[in-house]
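Subject: Handover of a structure and the findings from it

Dear colleague,

Please find below the structure that I am handing over to you.

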Amino acid sequence: MQQTSLWQILSTLPRSALRELEKMTASPFFNQRDDVRVLFLYAQKCLQTGKEPTREAAFVSVFPEKKYDGAQFRLVLHFLTDIVRQYLVWKELAREKGQKELLLAQALRQRSLEHLAQSVLQNAGTSLDNTDRHGDPGVQERRFQIHAEALRQNPGTARTQDLNLQGLSDQLEKSFVLRKLKLACELLSHQAVFRAEYRFGMLDAVLAHVRSDSDLSNSPEVNLYYHCCLALLHPAETVHFRNMKPLLLRVEEIFQPEECRDIMLLALNFCIRKLNEGDETFAHEGLELYKDALEKGYLLEKGELSRFTFRNVVGMGLKIRAFDWVEQFTPDYGERIAPTHRESMVSFNRARLEYSRGRYREAMLLLQKADYHDLLLNLAAKTLLLKIYYEADELRLLDALLDSMTIFLRRKKIIGYHKQNYRNIVRYCQKLLALNHLDSTAVQTLRQQIEAEEHLTEREWFLAQI
């Protein structure tokens, strides 16, 4: 039973939700089958005691006098799963401001109760207006839907009245522009990493329209995504990032937490991209945004911090040599990483810190401490070890490591970009070992090759060795 969608959902719910579900299964409106209620009570008890239920044990709890019947159990399971899904929908509906009022107004209109529906819609609009952070694209779209529904509520004689169609048009335009800009930002961010090619349709027209419309360009939510989009479109023009940064530092006044997280990650990905291109000022910019986002909790999902975010934060801290801050950050936020990745990620990043401080022995001990099951983390650890061996003049160990990395890359299925990057790291390290540093022509040739290489994350380190 542990593999069923029912158990997977129930396992994520707090006790308060389980109590609400218990009432729901006891209500004849939602459930008229005793076996469904008994199955829920059994699952609830298993969750409270930490017992892992089997289908057979669950069946016996529902039908104690019967032999296990798979078809009958699946039927009861289906009905209970359906109730749990209804509960999740109900909770989401209760969370989304204006959505349930919109549905209620539609139901009232279909029953020719327009006078009641108008009151409901007015309250829904007021509720959205009173929201402290109402710039989310989803909220703007709901505002348009409420406005459109209000027009449908008018009787046939309404053609002689002022319907505020201009307001409806303006709201539709704003919700569309916001959604289009946000999606364009996500496409551009993804395209930069995975070399995908996307068609952007009306994006140029939307950008031009925002520039020409003062109402849109003065809207903080539109302005934020507008400059984010331009920053990603034209990364060399850093003025767009400068324009969006003040809004990012007060983004909680504009968006709700989930939307704050989305826009903050887009901005941070831009900083990482600029940093990878060699612009170290974006290590300072990125770390400032990371600190602000971590303090406000935008980068935590259900209390956990992504291991990739953890690694990026450490990388930026090390880039600006904020060693003491990184040393404090690592244990504090290491506890927020999912348990399955915590030990390896913390030990790897502590090794990066010790390497940056020139403590090679401590770094090597940390690298040996954890078992790196993640292929890319394994390769990152090998690359750090490669740099330590080279700088410590452990050439025999370095030769053995280069051989093992070559075999590893040949055998493992790794995404093309990453495979090419690590192949280049091995190749240029071998060239570095063979380089005659007294031959200025050979040195200059290797420097030019490294500078021109498309996929090489350790470009800065190789140039420093030359």
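The notes below cover salt bridges, aromatic pairs and a charged surface patch.

This is a predicted model, in which local features need pLDDT of at least 70 and side-chain atom pairs count only at pLDDT 80 or more, while totals for chains, interfaces and linings use all residues. Residues are numbered from 1 along each chain as its sequence is written, and side-chain values use heavy atoms, with hydrogens and water left out.

Salt bridges

Side chains of opposite charge can pair when their charged atoms come close. A salt bridge here is a side-chain nitrogen of Lys or Arg within 4 Å of a carboxyl oxygen of Asp or Glu. The count by this rule is 19 salt bridges.

In one of them, Glu288 pairs with Lys245, with 2.5 Å between the closest N and O atoms. This pair links distant parts of the chain, 43 residues apart: Glu288 is in helix H15 (residues 281-296) and Lys245 in helix H13 (residues 239-248). Helices are DSSP runs (H or I, at least four residues) numbered from the N terminus. Are the two partners buried or exposed, or in between? The terms rest on relative accessible area: buried means under 20%, exposed over 50%, and partly exposed in between, with a 1.4 Å probe and protein chains only. Lys245 is buried, because its relative accessible area is 15%, whereas Glu288, at 36%, is partly exposed.

Helix H15 also holds Lys296, whose partner Glu252 is in the loop between H13 and helix H14 (257-276), 44 residues apart in the chain. The side chains of Lys296 and Glu252 form a salt bridge at 3.0 Å, N to O. Lys296 is partly exposed at 29%, and Glu252 is partly exposed at 24%.

A further salt bridge joins Arg357 and Glu327, again at 3.0 Å from N to O. Arg357 lies in the loop between helix H18 (339-356) and helix H19 (360-369), and Glu327 lies in helix H17 (residues 323-334), so the pair ties together parts that are 30 residues apart in sequence. Both Arg357, at 21%, and Glu327, at 41%, count as partly exposed. Elsewhere, shared partners join Arg242, Lys245, Glu285 and Glu288 into one network of salt bridges.

Aromatic pairs

Rings of Phe, Tyr and Trp (its six-membered ring) pair if their centres lie within 6.5 Å; planes under 30 degrees apart count as stacked, over 60 as edge-to-face and the rest as tilted. The whole structure contains 16 aromatic pairs. Among them, Phe59 and Tyr68 are edge-to-face, with 5.3 Å from centre to centre and 75 degrees between the planes. Phe59 is buried, because its relative accessibility is 0%, while Tyr68 is partly exposed at 33%. Which type of pair do Tyr355 and Tyr360 form? Their planes are at 25 degrees and their centres 5.9 Å apart, so this pair is stacked. Tyr355 is buried at 13%, and Tyr360 is partly exposed at 21%. One aromatic cluster consists of Phe59, Phe63, Tyr68 and Phe73.

Yours sincerely,

Arg410 is in helix H21 (residues 395-411) and is exposed, because its relative accessibility is 58%.

Notes. Helices (H or I, at least four residues) and strands (E, at least two) are DSSP runs, numbered from the N terminus.
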